[in-house]
Amino acid sequence: MDDHDRRRREPGSRGPASGRAGRPDPARRAVPPARAGAPAPGRGANAPSARGSSTTPGRGASAAPGRGGAFAPRREPGSRRVEGRLGTAGRSRSHRWGAVLLVLLLGAIAVRLVVLQGIDGSAYAAQATDERMRSYPVDAVRGKILDSAGNVLAYSVDAERVVANPRQISDPQATAQALTGLLGVPVETLVEKLSRDSGYVVLARRVALDVTDQIRALDPALAGISYADDPVRLYPAGAVGGQVVGFVGSEGTGLAGIESEYQDVLAGTPGEERVEVGANGNVIPSGIDDSTPAVDGGTVTLTLDEDVQYIVQQRLDQACADGDTTSGSAVVLDVQTGEVVAMASCPGYDPGSYNTTDPDLLGNPVVSDVFEPGSVMKAVTMAAAVEEGIATPDTVLSVNGHIQAGDKVVTDAHDHAPVDWTVTGILAKSSNVGTIMLAREVGDAKLEAYMRAFGLGSRTGVELPGESAGILEPSADWTASRAANVPIGQGVSVTALQMASVYQAIANGGVRIPPRVVESVTAADGTVTRPPAPEPTRVVSETSARAVAYMLEAVVGKGGTAPLGEVPGYRVAGKTGTAQRANPDCSCYSGGGYFTTFVGFAPADAPRYVVAVDLERPNSDAEGGQVAAPVFADVMRQVLTLDRVAPTGTARPDFTLVAP
């Protein structure tokens, strides 16, 4: 046995260290183990083995066949897998396709980047910006309401709305405790608001500036609390003109009167504070500020005279305090323009305290409440008779104390034997029978036409909400008794403003000018707009109007029904009215009391003002000449004095009431 065989270790034993001492011969590493029955490979087919038939296992060598080694090869040494191997051309095609796929992938990414940054980039940027923007309302300052002389009837004063960002408030309970006394809001309410998941909540509205100054001065300052303008509406005249001016609700919206009718003008246009905020909700000083300023409301100037308004309100309040008058209304019109100089009712209300006032009193009875006017309506019947040529002031009629009207009998205030009254006497004595006689000559259809021409049965169009058209049924529907009642002011309902408008037409020479209460509107930029002048309507001729005015002057003269309507130093024309009031307990007139009225104008020979008064007296049988006429006289006297209207100096005519 040679040295090689002697160095062979037992199967499974580790080779000697000397086996790794030198680098194996390359030719030896390339020679595969001998196979049974086959010559050992070499440079030639029959080349003998360099070291014999056996080889020592080492690096690059395999164990002899039949010897199971730990690193036995799975294929014969020197052999390589060639199945499916790509040649040079295959590898080139594979590389080309890989490059194509890579280019396509990079192209898709590039296209997507172009879409994101170029096409959709602005949209995503805008969306991100929007998410950082916060919007807060900016209230416009509500406009003023002035009287004709520029006196302020309604205006707004500075106040603030206290708001919070709950996300910046770490201790809602402590913050609520600090604010409750100053804001007058319960702690539990404040805690609930301050605990919301919101960036904006209103804690209190219309807080006085001195209060918000105290909140600002709290030490330490309250984080998350801010302020915004929130003006308070004030009415310096109180109940004077209150029913015309109206009031503003808690949300700043006009709910009655001019405040409601001119809501859009007075309110202005709200703005918006739109600012960029950071993650903590605070405004970024250098961030985007896309705010829109508010446009303040316009100023509405009324035709009212505050001084006259005060006079009317005070006199009505006195009337309502007499124990029998439950309500009353009065209106003063300018004869030449139809403008409302004053308009009031009792009981009235202070717009600044509307929330503590009986809701039934928050309207304007002068334009919304209707009543049966009684004998003041006789002026319309007389105007129709004169205009139709049926009578003149001196026409004489034999008037009985009663007259049949269908199944009813209508009487004068007191039944009497026939009297030869002139038409002037019929009006001065307020004869129901004489008036019905003239109305029958005019005819129902024509009488209705004259009533509608005077404005009855339709709204006047005055710039106030809630106006009633009154009630005037078509003459075709009048029964015999209704046809007798309408000419004397029963069976027809009117507003105080409508009756004043009737007498304005008579005083204005037969031309009716629809009443109005707004003189002008001044926008925030100073632009002044005047409402279109109402369209005048000629109702009767000037001659007929003067004839009626002459007869109305007899009413307050000697022998007339309203001597208490006289105004010392002035000639006065007017008419009393005493109409039965419906009794709601029985839906009848019995026990319902009366509406007492007086409507007139002065000076009678150069008319300047019309004053209409109506008083509701459910428990009294006093007549208009006794209770309404004195109110008229007091108001008219002061109105003429304030306007410095001098007496004409002409004497009142001598009237013939009864034929000689």
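I worked on a predicted model, in which local features need pLDDT of at least 70 and side-chain atom pairs count only at pLDDT 80 or more, while totals for chains, interfaces and linings use all residues. Residues are numbered from 1 along each chain as its sequence is written, and side-chain values use heavy atoms, with hydrogens and water left out.

Sheet. I looked up the strand order and found an open sheet of six strands, β7-β3-β2-β9-β17-β18, with mixed pairing; strands are DSSP runs of E of at least two residues, helices runs of H or I of at least four, numbered from the N terminus, and two strands pair if DSSP finds at least two bridges between them. β7 (232–234) and β18 (528–529) each have a single partner strand, so one side of each edge strand is left without a neighbour in the sheet. I then followed β17 (residues 518–522), which runs antiparallel to β18 and is joined to it by two bridges; V521 has T529 of β18 as its bridge partner.

Disulfide. I searched for cysteine sulfur atoms within 2.5 Å of each other and noted one disulfide, between C320 and C346, with the sulfur atoms 1.8 Å apart. The pair links distant parts of the chain, 26 residues apart, with C320 in helix α11 (residues 306–320) and C346 in strand β11 (residues 340–346).

Patch. On the surface I noted a nonpolar patch of L102, L105, L106, I109 and L113, with about 470 Å² of accessible area together; patch residues have over 30% relative accessible area and no salt bridge, with like charges joined within 9 Å and nonpolar side chains (Val, Leu, Ile, Met, Phe, Trp, Tyr) within 5 Å. A salt bridge here is a side-chain nitrogen of Lys or Arg within 4 Å of a carboxyl oxygen of Asp or Glu, and areas come from the Shrake-Rupley method with a 1.4 Å probe, only the protein chains shown counting as cover for residues. L106 lies in helix α3 (residues 88–119).
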